[in-house]
Amino acid sequence: MKTTPAATKSASTPPAKTATKTATKTASRTTATSRARTTKLAETLRVKDDESPWSVEEIKEVRGILLDEIETHRVELKLAEDELDDLLRASGDGAGDDQADAGAKTAERAHEISVAANARASLLQAEHALEQLDAGTYGICENCGNPIGKLRLQARPRATLCMTCQEKQDRH
Ligand SMILES: [Zn+2]
């Protein structure tokens with residue numbers, strides 16, 4: 001266990017910071033609870049036969065990536081939807097457009113629709129993976145029921161298929 005400079009720090013902290021200190025205490029209690037839960041998860045999650053079990057740190061890392069992805073795709077989706085709103089609103093006053101303008105606008109709209117659809121799909125995948133992680137059912141191939149494998153999940157945390165099933169699907 002490494003020693004933290006917390007004691008030294010709090011000694012020099014002015015008494016006005018008591019509220020902050022209490023908040024920190026509550027936060028660390030939550031972390032302790034989630035750590036116990038994560039330890040349990042580490043024992044529950046399945047891996048391939050030749051892989052070592054998940055460690056608490058590895059689970060934390062994957063959860064962090066999923067949370068980041070969820071945040072990123074939420075922003076992406078919002079931006080694309082806002083952009084689409086603007087395009088749709090602008091299409092109302094396009095009476096003077098020539099054909100090239102109208103074509104460009106249609107292409108732009110199609111592009112934003114596909115950006116939004118991709119962002120939504122990725123967002124749902126990441127949210128689904130996070131739910132499964134918390135439920136302890138994370139990392140099972142949705143097609144064949146075998147473990148997806150820790151290595152693959154670390155590279156692609158929101159994978160829902162094992163490598164074999166993914167390759168089969170990609171070929172279709
Ligand atoms: Zn599979």
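Q: In what order do the elements of the protein run from the N terminus on?
A: A friendly note to begin with: this is a predicted model, in which local features need pLDDT of at least 70, side-chain atom pairs count only at pLDDT 80 or more, and totals for chains, interfaces and linings use all residues. Residues are numbered from 1 along each chain as its sequence is written. DSSP runs, numbered from the N terminus, define helices (H or I, at least four residues) and strands (E, at least two), and the protein has six helices and zero strands. From the N terminus on, the order is α-α-α-α-α-α.

Q: How far apart are the end C-alpha atoms of helix α4?
A: The expected span of a helix is 1.5 Å times one less than its number of residues. Helix α4 covers residues 99–135, so its 37 residues should span 54 Å. The model agrees, with the end C-alpha atoms apart by 54 Å.

Q: Which helix do the buried residues of α4 pack against?
A: A residue is buried if 20 or more other C-beta atoms, placed from the backbone, lie within 10 Å of its own, exposed if 12 or fewer, and partly exposed in between. In α4, the buried residues are Glu-112, Ala-119, Leu-123, Ala-126, Ala-129, Leu-130 and Leu-133. An α-helix has 3.6 residues a turn, so residues three or four places apart point the same way. The buried residues of α4 pack against residues 56–91, helix α3.

Q: How many other C-beta atoms lie within 10 Å of Arg-74?
A: Arg-74 belongs to helix α3. Its C-alpha lies 9.8 Å from that of Ala-116, 42 residues away in sequence. Arg-74 counts as partly exposed because the number of other C-beta atoms within 10 Å is 15.

Q: How far apart are the end C-alpha atoms of residues 136–170?
A: For these residues, an unreviewed UniProt entry lists "domain: Zinc finger DksA/TraR C4-type"; such annotations may be inferred rather than shown by experiment. The stretch opens at Gly-136, which follows α4 with a positive phi near 85 degrees. Over residues 136–170 the chain is 40% helix and 0% strand, and the distance between the end C-alpha atoms is 27 Å.

Definitions and conventions:
Two residues are in contact if their C-beta atoms, placed from the backbone, lie within 7 Å.
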